[in-house]
Amino acid sequence: MKFIAMSLLALAPSLVFAGGKASTCDLGDSKRPQVVRVSHGGKIGSTDIYYLRQGEAAAQPLLGGEAEDSRGSDVRVQCIGGKRRALAVMGDFMSAGYPQGFVLTYDTRKKSFERFNFAEKNAPGWLYSGPRDTLLVFPPGGRLQTEHRYLVYRFAPGAGQDNTEEIVEALPKADGYEVIKIGL
């Protein structure tokens, strides 16, 4: 019985919306918490509209824009990391017709949230956070050309959503990066 309870507890971050509860994650450090919250409301058919609240700011539609663009199903949310934390979100949203999501972090030096958007069949597997860039790494198999290779999104500071992507044979080296495993 204890094993079953622990197994269900381990799955809880990915099943957060099955019971209709909001999910929170503290992305700050011990001196300055930066809590983000993903919640939903406004059911339309079999989907819900999802919202994101960053720190003390008002809740906004999860994907930005109009609330209807953040209407989705099978939405998975996970608070991940150790010293540096991240919020990972992925789901089927009505505005796209394919899975999409983002990974959200908080840069304590810049005192600002950083959001890394993606739209892939596979969920990302790793976040590499470094001083010069951030990598979002997807396991093999999401696209035809990545059947046996990794897809890497590279985000440079100050470039907004302008990023590069490359296909590589092996996981990037962790030298100079803090690596966070994502398990959506």
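**Close-up views of a predicted model**

**View 1. Strands S9 and S10 form a hairpin.** The hairpin connects S9 to S10 through 4 residues. Strands are DSSP runs (E, at least two residues), and helices are DSSP runs too (H or I, at least four residues), numbered from the N terminus. S9 covers residues 126-129, runs antiparallel to S10 and is joined to it by 4 bridges. Strands pair if DSSP finds at least two bridges between them. Leu127 sits opposite Leu136 in S10.

This is a predicted model: local features need pLDDT of at least 70, side-chain atom pairs count only at pLDDT 80 or more, and totals for chains, interfaces and linings use all residues. Residues are numbered from 1 along each chain as its sequence is written, and side-chain values use heavy atoms, with hydrogens and water left out.

**View 2. S10 is a mostly covered strand.** Of its 5 residues, 5 are buried. Buried means under 20% relative accessible area, exposed means over 50%, and partly exposed lies in between (1.4 Å probe, protein chains only). Thr134, Leu136 and Phe138 point one way from S10. Leu135 and Val137 point the other way. S10 also runs antiparallel to S11, with 5 bridges joining the two. Within S11, Phe155 is the bridge partner of Thr134.

**View 3. The largest nonpolar core has 17 residues.** A nonpolar core is a set of buried Ala, Val, Leu, Ile, Met, Phe, Trp, Tyr and Cys residues joined through side-chain atoms within 4.5 Å. Val103, Phe118, Leu127, Leu136, Tyr153 and Ile182 have the most contacts inside this core. Strands S6 (85-93), S8 (112-118), S10 (134-138) and S11 (150-155) each supply at least two of its residues. Another core, of 15 residues, lies apart from it and includes Val38, Leu62, Leu104 and Tyr106. In soluble globular proteins, nonpolar side chains tend to be buried together.

**View 4. Leu136 and its contacts.** Contact means heavy atoms within 4.5 Å. With neighbours within four places in sequence left aside, Leu136 touches Val103, Phe116, Phe118, Pro124, Trp126 and Leu127, among others. Its other contacts include Leu151, Val152, Tyr153, Phe155 and Ile182.

**View 5. A disulfide joins Cys25 to Cys79.** The S to S distance is 2.0 Å. A disulfide is a pair of cysteine sulfur atoms within 2.5 Å, and by this rule the count is 1. Cys25 belongs to strand S1 (residues 23-26) and Cys79 to strand S5, 54 residues apart. The link of Cys25 and Cys79 is right-handed, with 60 degrees about the S-S bond. Cys25 is buried, at a relative accessible area of 2%. Cys79 is partly exposed, at 25%.

**View 6. Ser70 lies in the loop between strands S4 and S5.** S4 spans 60-61 and S5 spans 71-81. Ser70 is buried, with a relative accessible area of 0%. A polar atom of the Ser70 side chain is 2.7 Å from the backbone nitrogen of Leu63. Leaving aside neighbours within four places in sequence, Ser70 is in contact with residues including Asp48, Ile49, Tyr50, Pro61 and Phe93.

**View 7. The whole chain has 1 helix and 13 strands.** Of its 184 residues, 39% count as buried.

Note on methods:
Polar contact = N/O pair within 3.5 Å; in protein donor to acceptor, adjacent residues only side chain to side chain.
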